[in-house]
Every structure is written in C-alpha cells, then in structure tokens.
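Colleague: Could you take me through the sheets in this one, and tell me what the terms rest on?

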Amino acid sequence: MPKLNENYLNLKESYLFSEIGHRVSTYIAANPDKNVIRLGIGDVTLPIGSEIIAELHEGVNALASADTFKGYGPEQGYDFLRNAIVDYYKRNDVLIESDEVFVSDGAKSDTGNITELFAGDNTILIPDPVYPVYVDTNIMNGQNITYLDATEDNDFLPMPDFKLHADIIYICSPNNPTGAAYNKEQLKIWVDYALENDAIILYDSAYECFITDTSLPRSIYAIEGSKKCAIEFCSLSKTAGFTGTRCGYTIVPKSLKFTASTGDVLSLNAMWNRRQTTKFNGVSYIVQKGAAAVFSVEGMAQCKNNIKYYQENARIISEGLARKNIRYFGGINSPYVWFKCPNEMDSWDFFDYLLANAQIVGTPGAGFGKNGQKFFRLTSFGSRESTLEAMERIDILF
C-alpha cells in the first residue's frame, strides 16, 4: 500500500469557494424561483477587449497554415510576450529583464508551485486573513506556518516584527480579501526585514491594475533592494478578463541567490526555470498572442475601461454600506470590499442569512482565516444592474 501525504489530513474538508458553491446550489435547488445575485467569487463579467480578441483570432489563424503553425513553445513563454511585459513594467518605471519573466496559466498555480523551490523546514510568515491558496499549499507540504495578525487596528496592513524570524513571507497588495494596499514606505520596511532575515518575499500583485492612488507601488520592484529578496506574481485574470482564458506570469530576478547547505550558491531564477521546463509545457500560443495585446497601449486602454466599470461597482457597494453605517475596507484601489458583519454575526451565519433573506452571495471572512470571522467580502465584478440591485436589497434588509 502506498504511503500517502498525510499533510492533507490537516486541510479543511473543502476549499472555500467549493463550500460556497455547494451552499448556493443547495439553496437554488430548494428555491428555484429566487433571483440569486453572485458577488462572492472574484470572476469577471465583462467581455475581453476587441484588440485582444483580434490577436487571439490571429493566433488561431496561425495554426491553420503550415507556414505559421506553432507546436510546442518555450516553457518560459514566447519572447514577444515576455518583452511586452518588460515594456509594460518600464512604462510604470520598473526595470526587469525578459529572462526574469516566466509566463504561466495564472498566479494561483505559480503561488502554489513556487513552494517546490524551498525545503520543508522553513518558517513561513502568512498574514491572516489571506487568500487560502497560500495557506493550503504550505499545509500540503507540511510547512511551519506563523500567522501575522491583520486586523482593524492595523487597517489590515500588518508590519513585520523584527524580533521574529521568517524565511518566506507572503504579501498580497492590493490585498485579497481585505482590499488594503501597502504604500512605498511600508513595503520598504518589509523589504528591509526580508534582507535582514535573509528571507524571500512572495509578492502577489494580481490586482495592481486597480490601483488609482499614484503614491502606491504597483510592483514590489519599485522598492529599493527588493530584487535581492522578492519574487512577484501577477495574473491577467482581473487585468484583462482572462479568468477563463488563463494566463499570468512570475518574475524571478536573477539577483535572487541563496547558499545551500553544501555551500553552493543557488539561483532561484535557474531553479524556477528548471522546475518549469520539467513540469510545465507552457501556455498556448493562441493565449500568449492575446496576452501580448493586453500590454499594448491600445489593449491596456481597453482593459482599463473595464476596470473603471468594476471600480464604479466598488464605489456603489462602498457607498451602500456607508449609508447603513457598516464599516468597510478596500473598494478604492481594489475590486474587493471587506466589511464587518452587522450585529456581530459570524461570517458563515451572515452568509446564510444574506442568501436566505436577500438572495445575495458573498464570501465569508472566516474562509480567509480567524481574523476574518466577523467580516465579509463582496466583489465588484458583477454587472452594474446586479450590483445596484444587491445594494437595494441590503438597504431594505438593514
């Protein structure tokens, strides 16, 4: 009989969004006449921009001719896309090199797979509440996790304790689920902490395109010293509506080098390249053609129009909560609005209450950690009509 990875016994019975899906399906089956509004999962609703669609079609057409046909591509991504990402960062005053960019099928995969580069006896520092993939993938690996409290008292932006040692640090900014975003001064403290501890920051910037405050950094590499201590993950899911198309990228600076127990100096860039070439066959040529168009001036303008639509939805949600004197966070530089459950309700109780009485689906904060127990998340990715209707229902309910 094979020996199993018994770390799976330490996981919650089901993934957060699977449990939400189960509860909603059960409710709809019992109440088929009810119009349920879904503002829970962070899936987009607007179509992909025409510039990007045109390039996706170009990618399809290329496969119809022997002269332009593409088979296996480079596991790291085609040069035309990697260079487009480099140019995009340069337009945002951040310099990276194309061989530091690795194209993937999304940030979720990469933030989970990156754990393979590290031994099992590291101390992992993860904020609570947090995107559950960070926690679950480390539990699967049997890692030692230390939680950092993100609460109302620190505006859900915890800062490092220099008396506490960590080897690997997870930061998501703008944050999922709270919507909070670190400023440059705060991130500089985190970078200094990582350098002092000879640690690595795993920085998730999946929502960087939602930042409207020009004083907030859109990349960890806007911070001095970060290329010696940080890997950055980004996704086109929210930037360009690629939730179903699947494309993202990870930046691993060549300056990230650490000493192994043997005394050898290992490059994380080289290690990640070795991992990807062994376990990943790359993103399809078709999808990469579309992704490259995202980073063009025209393509990004279309993406930003969609983002403005979602930002207006976030404003509608935020103002609706404010009318009811419900304290909230996020919703400005983030597609998520994070708020306290009314009447001190627990978040899963509030989930059931909101579904049963207003037919609105959100995300219970407890699914993101113990500090989310009394909080709830709504997303701005619904249609304008459904967002307005949801807030009208909340107006009546409270």
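Modeller: Here are the sheets, one question at a time. This is a predicted model, where local features need pLDDT of at least 70, side-chain atom pairs count only at pLDDT 80 or more, and totals for chains, interfaces and linings use all residues. Residues are numbered from 1 along each chain as its sequence is written, and side-chain values use heavy atoms, with hydrogens and water left out.

Colleague: What makes S3 and S4 a pair?

Modeller: Two strands pair if DSSP finds at least two bridges between them; strands are DSSP runs of E, at least two residues, and helices are runs of H or I, at least four, both numbered from the N terminus. Six bridges join S3 (residues 123-128) to S4, so they pair, running parallel. For instance, Leu125 has Thr146 in S4 as its bridge partner.

Colleague: Why are S2 and S4 at the edges?

Modeller: The open sheet runs S2-S8-S7-S6-S5-S3-S4, with mixed pairing. S2 (101-104) and S4 (144-149) each have a single partner strand, so one side of each lacks a neighbour in the sheet.

Colleague: And which strands does helix H6 lie across?

Modeller: Helix H6 (residues 184-196) lies across S3, S4, S5 and S6, at about 165° to S5. Contact means heavy atoms within 4.5 Å; axes are lines fitted to C-alpha atoms, for helices over the stretch in contact, with angles from 0 to 180 degrees between N-to-C directions.
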